Amino acid sequence: MATRPTFSEEVSNLMHASHGNPLKTCIQCGTCSGTCPVAEFMDHTPRRLIGLINANQKEDVLESNTYWYCASCFHCTVRCPSEIDIAGLMYSLKRYSIWKHQYPEDAIGPVFSETFVKSILRSGRSYEPVLAPSYIFSYGVREFLNEAATATNLMLKGRIPVIPPRLKRLENFKKMADRIIPMGGAK
Amino acid sequence: MSTYSYFPGCSLEKMALSYHQSAMQTTNAVGIELKEIDDWNCCGATTYFHVDELLATTLVARNLAIAEEAGHDFVAPCSACFKNAYFASKYLKEDEDLANHINYALEQDNLKFSGSIEVKHLMEVFVDDVGVEEIQERTTHPLKGLRVAPYYGCQIVRPKKDHEDVENPQFFEELITAIGADAINYAYRLRCCGGSLIITSREAALTLVRNLLQSAVDIEADVIATACPLCQTNLEVYQMQVNQEFGTDFSIPIMYFTQLMGLAMGLPKKKLGIGTEFISTDKILTYAKEAA
């Protein structure tokens, strides 16, 4: 009889490129949590998140801010005694939550990621001024003013490009992306 | 003269122009030619992988294929670009199905990646290919007495690639010693600068930057040397915001390792892009005045 994959299996299946051991091999030692530089900001530490996944607590995992705090430093990955690619897991959970369109309300990460992707597909290179509106309005007044001052300083030092970069073979580039994810007319 | 296919990456076009300039000058000084990859595209940074892994890998593959067509090994000065290129190349070499799928997409730009080139970080080119002895020989203005905190950051050393030491690497220290400066040891040399959290989780990133700066200042570093444009930006450009947020008074220069190398080789500071910093590097320049 066919059975549905568990949440834990579903998440494991999203880690295509990772060559780490299965999440089931986690021994809950907490080396990842002790190593993680941003563990104090997460609602669940990496160790606890893996525990929740292995216990198939899907809702708790999707509501968690843990993976949106992951900065991809890969410190947990290189230290895990069970050789689980934990940073790779965080990437796959980000993809899972964007796919399900389910993430903490105040998370800037998902919107920023999608804006980033769209801007790359449009011009081929990243350009800071196009990305700013995806996050700057969720900042408080003080942060907003600080950011504005920083941006002005960068401009004065000539460190922000005035003209957005663009590929020469942009049409080929778009057709290439189209062979991976056909997007119809939505470009 | 050996030649590399050079991938500057988006940051080096403007935000980190000084890294690009100093990379060009210092490689040239040791007989290396960096040939920019024609019409390169964004490598996807960390962010693209949040949305789609396959397309992100395809973006990287396009750059690898153009580099391969030029016939030279791929070199990136940015740690995130390097990590993406290194692992994309590894996966494409190991996984024939993946390579076929991505090469099918690359056909649209008349490209194909067959996996015949290597991927290196710019610092590896200096340390492994040129060699620290050679760099020491080219050092005409040793930075004697300058206390440099070598900051590895993350993706130049992690994830683990082969049998290298990820817990206690020494290559950055060796490079700093070769140019006559003192490489100082401090607790946070391998810790994260926050990366793109500076945008998405500002408080967390500023906390990481503060801890890092404090760790280097406590041990009386004159300058923190970096090998990544994002590390440089977080540590330098956001230093003032850290001061405002935590009431600290940090004012420590953050320079690219290529800028320090350039000074030690007697190259003019303007050509090394020195002068566009938020935090003055005047004190550092005084160490480079006396020729050996």
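1. Contacts along chain A. In this predicted model, 58% of the contacts in chain A with a separation of 6 or more are between residues 24 or more positions apart. Chain A has 10 helices and 0 strands, so its pattern along the sequence can be written α-α-α-α-α-α-α-α-α-α. Its C-alpha atoms fill a box of roughly 55 × 40 × 30 Å along the principal axes. Of the 187 residues in chain A, 35% are buried.

2. Domains of chain A. The domain assignment divides chain A into domain 1 (7–100) and domain 2 (109–180). The C-alpha centres of domain 1 of chain A and domain 2 of chain A are 28 Å apart.

3. A residue to check in chain A. A:S72 is not a glycine, yet its phi is positive, at about 65 degrees. A:S72 sits in the loop between α4 (58–63) and α5 of chain A. Is A:S72 buried or exposed? A residue is buried if 20 or more other C-beta atoms lie within 10 Å of its own. A:S72 has 25 C-beta neighbours inside 10 Å and therefore counts as buried.

4. The contact between the chains. Chain A gives 52 residues to the contact, and chain B gives 49 residues. On the side of chain A that touches chain B, the elements giving two or more residues are α5 (75–79), α6 (86–100), α7 (109–123), α9 (141–156) and α10 (170–180) of chain A. By class, this side of chain A has 28 nonpolar, 13 polar and 11 charged residues.

5. Domains of chain B. In chain B the assignment gives domain 1 (2–121) and domain 2 (139–286). The centres of domain 1 of chain B and domain 2 of chain B, taken over C-alpha atoms, are separated by 24 Å. Where the two domains meet, 23 residues of domain 1 of chain B are in contact with 25 residues of domain 2 of chain B. On the domain 1 side, α1 (17–29) and α3 (79–94) of chain B each supply at least two residues. α1(B) gives the most to that side, with 9 residues. The classes on the domain 1 side are 12 nonpolar, 10 polar and 1 charged.

6. The largest nonpolar core. This core holds 148 residues, and the members that touch the most other members are B:A85, B:V148, B:V209, B:A225 and B:L260. Helix α2 (residues 53–70) of chain B gives the most to the core, with 9 residues. Which residues does B:A85 contact, leaving aside its neighbours within four places in sequence? They are B:F7, B:C43, B:V60, B:N63, B:L64, B:F74, B:A76 and B:V119.

7. B:F74, a contact of B:A85. B:F74 belongs to strand β3 (residues 74–76) of chain B. It has 25 other C-beta atoms within 10 Å and is therefore buried. Not counting residues up to four places away in sequence, B:F74 touches B:S5, B:F7, B:L64, B:A67, B:A85, B:I117 and B:V119. B:F74 and B:D282 are 208 residues apart in sequence, and their C-alpha atoms are 34 Å apart in space.

8. Helices α2 and α4 of chain B. The axes of α2(B) and helix α4 (residues 96–106) of chain B come within 10 Å and cross at roughly 70 degrees. Angles of 65 to 115 degrees count as roughly perpendicular, so α2(B) and α4(B) are roughly perpendicular to each other. From α2(B), the residues in the contact are B:T57, B:T58, B:A61, B:R62 and B:A65; they meet B:I102, B:A105 and B:L106 in α4(B). By class, the contact has 5 nonpolar, 2 polar and 1 charged residues.

9. Helices α8 and α10 of chain B. Helix α8 (residues 202–218) and helix α10 (residues 239–246) of chain B pack at about 100 degrees, with axes 10 Å apart. α8(B) and α10(B) are therefore also roughly perpendicular to each other. α8(B) brings B:L206, B:V209, B:R210 and B:L213, while α10(B) brings B:Q239, B:Q241, B:V242, B:E245 and B:F246. These residues divide into 5 nonpolar, 2 polar and 2 charged.

10. Backbone points in chain B. The peptide bond from B:R158 to B:P159 is cis, with omega near -5 degrees. B:P159 lies in the loop between β5 (147–150) and α6 (171–178) of chain B. B:E220, a residue other than glycine, has a positive phi near 60 degrees. B:E220 is in the loop between α8 and β7 (223–226) of chain B. B:E220 is exposed because 10 other C-beta atoms lie within 10 Å, and the limit for exposed is 12 or fewer.

Definitions and conventions: Residues are numbered from 1 along each chain as its sequence is written. Chains are lettered from A and ligands numbered from 1 in the order in which they are written. This is a predicted model: local features need pLDDT of at least 70, side-chain atom pairs count only at pLDDT 80 or more; totals for chains, interfaces and linings use all residues. A nonpolar core is a set of buried Ala, Val, Leu, Ile, Met, Phe, Trp, Tyr and Cys residues joined through C-beta atoms within 7 Å. Helices (H or I, at least four residues) and strands (E, at least two) are DSSP runs, numbered from the N terminus. Two residues are in contact if their C-beta atoms, placed from the backbone, lie within 7 Å. Ala, Val, Leu, Ile, Met, Phe, Trp, Tyr, Cys and Pro count as nonpolar, Asp, Glu, Lys and Arg as charged, and the others, Gly among them, as polar. Axes are lines fitted to C-alpha atoms, for helices over the stretch in contact, and angles run from 0 to 180 degrees between N-to-C directions. Angles under 35 degrees count as roughly parallel, over 145 as roughly antiparallel, 65 to 115 as roughly perpendicular and the rest as oblique. Domain bounds come from an automatic or database domain assignment.
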